[in-house]
Every structure is written in structure tokens, then in C-alpha cells.
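Subject: Handover of the model

Hello,

Here is the structure I promised to pass on. Please open it first, then read my notes beside it.

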Amino acid sequence: MKLLVLVFTFVEAILHVSKAELFDPSTLIADTTYGKLEGIDLEESYGFIGVPFAKPPVGPLRFSAPQPLEGWNGTYKADFFGVGCMQRCSEPWSSCPTLIQEDCLYLNIYTPKDIFENPRKRGVLIFIHGGTFVGGAGGVPLYDGRFLANMTGIVVVTINYRLGAFGWLYLGEMLDPDAGEVTKLANFGMDDQRMAFQYVQDNIAVFGGDPNKVSMSVTISGQSAGSQSAGLHLVTEKSNGLFQQLFMISNPFALPYKLPGDALKLADVFADELGCPSRDLSCFRSKDADAVLAASRSAPSTIINPREIFQFFEQWSPTVGEGEYPPEPVEAFEQGQFTKVPTMAGTVTEEGRAYIYGVFSNPVPWWMYRVVVRLLVPNIGKDIIDMYPPMTLADDQREILNRLITDYIFLCSTSHISQMMTSHGVSDVYNYVNDASFSFYWQWGSDDTCYLYPCHGGDLVFIFRSAPLANETFTPGEQEMVDAMTAYIGNFVETGNPNTPVSGEQRAWQQRNLPYWPRLFEKPGNTYTLYYSACKNSVISGYRKEFCDFMDTYGYYGIPYLNSIPESMSFSDDQCRC
Ligand SMILES: *[C@@H]1O[C@H](CO)[C@@H](O)[C@H](O)[C@H]1NC(C)=O
Ligand SMILES: *[C@@H]1O[C@H](CO)[C@@H](O)[C@H](O)[C@H]1NC(C)=O
Ligand SMILES: *[C@@H]1O[C@H](CO)[C@@H](O)[C@H](O)[C@H]1NC(C)=O
């Protein structure tokens, strides 16, 4: 009897605590570790938008690790959309921030409305935006989490992190004159992301999320540079325990990060552009943010390391190879040195298209294709041309270049990593490929290159279901695909398996028959990929296997041999016309 009373009291205490923790439905005021936040009703979900998670990284805190926020008195109104870190955004309006400033460490939380009828703690999806580490922001229409939260019942969080030199300047170990101590100055952008993860750990229960480390309930995800970031969090112990699952969207795994030597060279070019002596932190901090942005943009026009030509694609990026990051993250995965978590990872079918058509604005004749390939990788150029022959003699070869880049940089490297994860003990790895392009056009600012092609980034509007914010609607085919995608994502975030919903909860789309999505190696001797298409979702096996087997033999870091490239080389059309 005594025991029963005790158990009863205990259960009551738990219920009481979890109820008291949730924000107040009538005022939308949430009591966080830093103070009170007032959210907004977004119709489909509750939003806490523009929530600060670190001290503004300005003044003496520019080019330093993010510092913990100080609390506030009173109530902070969390209703400001679209604040972004310093950048010149060249993306369509749907993914550009409306306010760009150095004080930019904010995140956005979307809580499903049924949280009060059903106060079960929800799985949490943290999304890290892309933009080649120099652009983008969390709180933009494209990544608006209100629809995904509404349809899945999960809590969606989008985050900001510092970009360009602000986030990725590498100075190594040195005396920080403002902090008055010797410290390592590197990878502030990664630290920003980690601090946002920590905020989720400390506070998400108030917003209906479940930070519980045992129940596999925080999934980190990202697209492109955000996906690279998510992958990097797996190979550093510093991020351990802040997430339990991974969802990688279009990770260009084969792009090299910088090693400290190259990163320091870039820092010197940057100092020069800014009009400061090399590694003069006080001088760097004395300039206004626009001057720093200008130097950040002009510094990388020099090719820092001609042997790592692919660095050209991401001129500012994380520095690896010392401290908490391994020299070659791909190699760390190969050697099993990564955090083992259930993973969903995939690519779109034409990842390379926007890049290739951006670089070569005119058709590429067959002979130029041969010249480019053999110049870049002389020792295997012939093998590559045998595997990826020019399409016809007279034709435009940009299509085959697109295929080559898509396979090498994105698809095959991602499937290689997925296989490495499985062989090092992560059995729950789910791969997908997305072959759907969106049917609507002008309002998302798509250019002709990608109109009706499944390009890099073209799947985000499906993942977030955010078309209504552009007053667009999905076609019936798209809607069916999007519903399936939503179901898989929601299931994965909640249970670690895209096929398994939370028991006892039925959402409308779950009643449809979704194709069963097998794990990568569900049956021996084969690999499985979920194929998203606006015609029909299906499961395929051995997707582009012969091409990826071919790529695997060359590996995904340090392209073996590279002819020397002139310092001033840029991929402009003039030079390519020869
Ligand atoms: C909040 O109020 C307390 C008591 O008045 C004061 O000591 C503290 O400095 C205030 N904090 C902030 C961040 O304004
Ligand atoms: C989804 O949004 C509708 C209103 O648009 C709302 O009635 C419903 O409760 C929401 N569901 C969840 C799970 O948030
Ligand atoms: C969508 O329609 C609403 C209502 O007509 C309008 O206020 C809003 O500006 C439109 N949005 C876009 C992106 O066109």
C-alpha cells in the first residue's frame, strides 16, 4: 500500500512537472532558462521565431567562440522572421533573410498545435541550412517549419550560424587580446551550431520536445553545407550526446575541407583585403561589419591550393585536421571513428546541374569535355571518359559533366559513407534519391537551368511543404510524394525508423499504403534506395551501382593527381572557350 502511494505520488509528480514545463497555451509564454519568451500563433503551429541562443558575436566577440547568453528580465517577443548572418544573399527570395546583421545567433521553433490535447513529448528535428557556408538563414519562407510540425506532430527547429569569414576564419592558437588568454580561433560556425543544439537540450521540453538522451529523440539534419555540418558533428566528440539521429540531405561528401595550412593562407589574404596586418585580431575587430563582409567575399578569389581544386566550390568552410576534427572526415567514417546513430541520407538526381550550367554558360563540345577531364585528373582521365563517354560527338556535354559531378561529389560519396556506417555497426541506415522537380516556377525564383529538373536544393520545398508561403500549390502527383516524404520524416524523427509511426497515433496520410523503405543492407547482397518521384515512389536496388563502384576505387578525398593550375585560374567562360 505504502509502495503504491509512493508510486502514485511519483507518477503524479512526473505528470505535474511535464505539464508545468510546457508553455502556456493562452498567452504563448514559455519559461526558458534565459527568461520568458512569447511566441506567436502561426495557424498550423505555434512559432517561437528569432529566439536568441548565444551572446551577440560582435565587438570583442567577433572571431571568437560563441558565448553563453545572459538572461533577460521581462518577456522577449519571439516573433521576428528572417534575421540572417552577414552575407550577400544571391538566392531566390524564399531562402534569403530579410534582415542581415552581425548579431545573428537566433533560432526558430515550431511546435504542433495538438501538443496540449496530447502532451506526449515529441521528437525534435533540428535543421541546418545550406548556402556553401557563406549564405542562407534558418527563418526564411523555404524552411518554415510550421507545415512539417503540423503534419508530423514533431517539433521543428531551424538555426543560424556565422557565415563566410565571420564563421570560418582560421587563426589557430593565439592570444585573444580582448579575452586576455591564448585560445584556439577556428570553426566558430560549428561552435554556433553546437550551442544551438545545447539550447535544444536545455529548453526544448518547454516547447513540447523531448531532449531525453535515451529515447533517440533529437535528429540533426541539414542540406548541402548544412548537411556537411551535420556530418562533421558525427566525427567530433564535442557534439556527442547532443543528438541521437541524423538526416543528411545532399551532402557533397567529396568536397575537401581546409587543413590548417591552407586556412591560414586564406586568413592572410583576408587580412590583406581588410587592410590589416596578418593575424591582427584587434585590427580585424575594429573594422565595421560591412568591411569584413567585403573582405570575406573578395579574399577567396585566389585559389589557395591548386592540388585541392574542389576547394573552389566552397571557399570558406570548416577547417579540419587538428583539435577536435580529423584530417579527413571521410576517412574517419571509413575507420569507424564517428558517432553511431540511425541515419537517413540521400541526394537529388541532378545535384551537379546548377553548378555545371553556372560554370559553363555555353554548350561544351565533346573535345572540350575530354580536355577538361584529362587536364584535371590526368592519370585516370581515360578511365573516366570510358565510364562517362561523351554523349554524342556533336552534342552539348554539360549533361555528362552534370552526371559526373552528381555521382562523384554527391551520390557515390554519400552511398559510400552510408555503407561505411553500416559496416561499422549502424544497421539503421536509409538511403533515398529524389527525382522530382517542382512544377511551379516564378515565385520561387527558379532559373531556366533548373526549371523542371530535380536540382540541388529543389527538394527543400517538398521536405518543408512550404509552397503555400509562395501562394503555390502542389500538383496531385507532387502532393502524394510530399505526403509520403512527410510520413517517412515524421516516423524517422519519432521512432528512428521511417516505416514506423508512433504507436496509437494515426495521422491522415499514415492510412495510405506507403512503400516499405528497406534499410540499405536489409537483405544481403543488395542495396536499397527509396526513389521519390512525382509519378510514383518506389524502392529500387543497386542504384547506379556500377558507377559508384567505379568511383569507390578512387576514393573521395585528395583527388589522386592534379596538373598544376595557374594561380589566377577562375572558371569563367572565356577561359573555358580556349
Ligand atoms: C534583472 O533584474 C534584476 C533585479 O532587478 C537585476 O539585478 C538584473 O541585472 C536584471 N537583469 C537584466 C539582464 O537586466
Ligand atoms: C494543423 O493545423 C490545423 C489548422 O490549420 C490545426 O487545426 C491542427 O490542430 C494542426 N495539427 C497539429 C498536429 O498541429
Ligand atoms: C500570397 O497571397 C497573400 C494574400 O493574397 C499576399 O498577401 C501575399 O503577399 C502573397 N505572397 C506572395 C509571396 O506572393
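Start with one term: a residue is buried if 20 or more other C-beta atoms lie within 10 Å of its own, exposed if 12 or fewer, and partly exposed in between, with C-beta atoms placed from the backbone. A second term: helices (H or I, at least four residues) and strands (E, at least two) are DSSP runs, numbered from the N terminus.

The model is predicted, so local features need pLDDT of at least 70 and side-chain atom pairs count only at pLDDT 80 or more, while totals for chains, interfaces and linings use all residues. Residues are numbered from 1 along each chain as its sequence is written, and chains are lettered from A and ligands numbered from 1 in the order in which they are written.

Strand 9 covers residues 124-128, and five of its five residues are buried. Which of its side chains point which way? Val 124, Ile 126 and Ile 128 point one way. Leu 125 and Phe 127 point the other way. All of these are buried.

Now the pairing. Two strands pair if DSSP finds at least two bridges between them. In general, strands of a sheet pair through backbone hydrogen bonds, either parallel or antiparallel. Strand 9 pairs with strand 10 (residues 155-159) in the parallel sense, over five bridges. Ile 128 has Ile 159 in strand 10 as its bridge partner.

Look also at the loop between strand 9 and helix 2 (146-152), where Phe 133 is found. Phe 133 has a positive phi of about 65°, although it is not a glycine. Phe 133 has 24 other C-beta atoms within 10 Å, so it is buried.

Three strands form an open sheet in the order 1-2-5, with mixed pairing. Strand 1 (29-31) and strand 5 (75-77) stand at the edges; each has a single partner strand, so one side of each is left without a neighbour in the sheet. From one strand to the next, the twist averages 30°. (Axes are lines fitted to C-alpha atoms, for helices over the stretch in contact, and angles run from 0 to 180 degrees between N-to-C directions.) Strand 2 (residues 36-38) runs parallel to strand 5, joined by three bridges. Lys 36 stands opposite Thr 75 there.

Strand 4 (residues 45-52) is mostly covered, with eight of its eight residues buried. Strand 3 (residues 40-41) runs antiparallel to strand 4, joined by two bridges. Ile 40 has Gly 47 as its bridge partner in strand 4. Strands 3 and 4 form a hairpin with three residues between them. In that turn, Glu 43 has a positive phi of about 70°. Strand 4 is also joined to strand 8 (residues 106-112), by six bridges in the antiparallel sense. Tyr 46 stands opposite Thr 111 in strand 8.

**Helix 13**

Helix 13 (residues 398-423) has 26 residues. From first C-alpha to last, helix 13 reaches 35 Å, close to the 38 Å expected at 1.5 Å a residue. (The expected span is 1.5 Å times one less than the number of residues.) Where is the kink in helix 13? The kink is centred on Asp 407 and is about 45°. Just after helix 13, Gly 425 takes a positive phi of about 100°.

Four of the five residues of strand 17 (residues 528-532) are buried, so strand 17 is largely enclosed by the rest of the structure. Strand 16 (residues 429-434) runs parallel to strand 17, joined by four bridges. Tyr 432 stands opposite Leu 530. Strand 18 (residues 538-541) pairs with strand 17 in the antiparallel sense, over four bridges. Tyr 528 stands opposite Ser 541. A hairpin of five residues joins strand 17 to strand 18.

**One more loop residue**

Arg 279 sits in the loop between helix 6 (260-274) and helix 7 (281-286). Arg 279 has a positive phi of about 55° although it is not a glycine. Is Arg 279 buried or partly exposed? With 16 C-beta neighbours inside 10 Å, Arg 279 counts as partly exposed.

Best wishes

Terms used
The expected span of a helix is 1.5 Å times one less than its number of residues. The bend at a residue is the angle between axes fitted to the seven residues ending there and the seven starting there.
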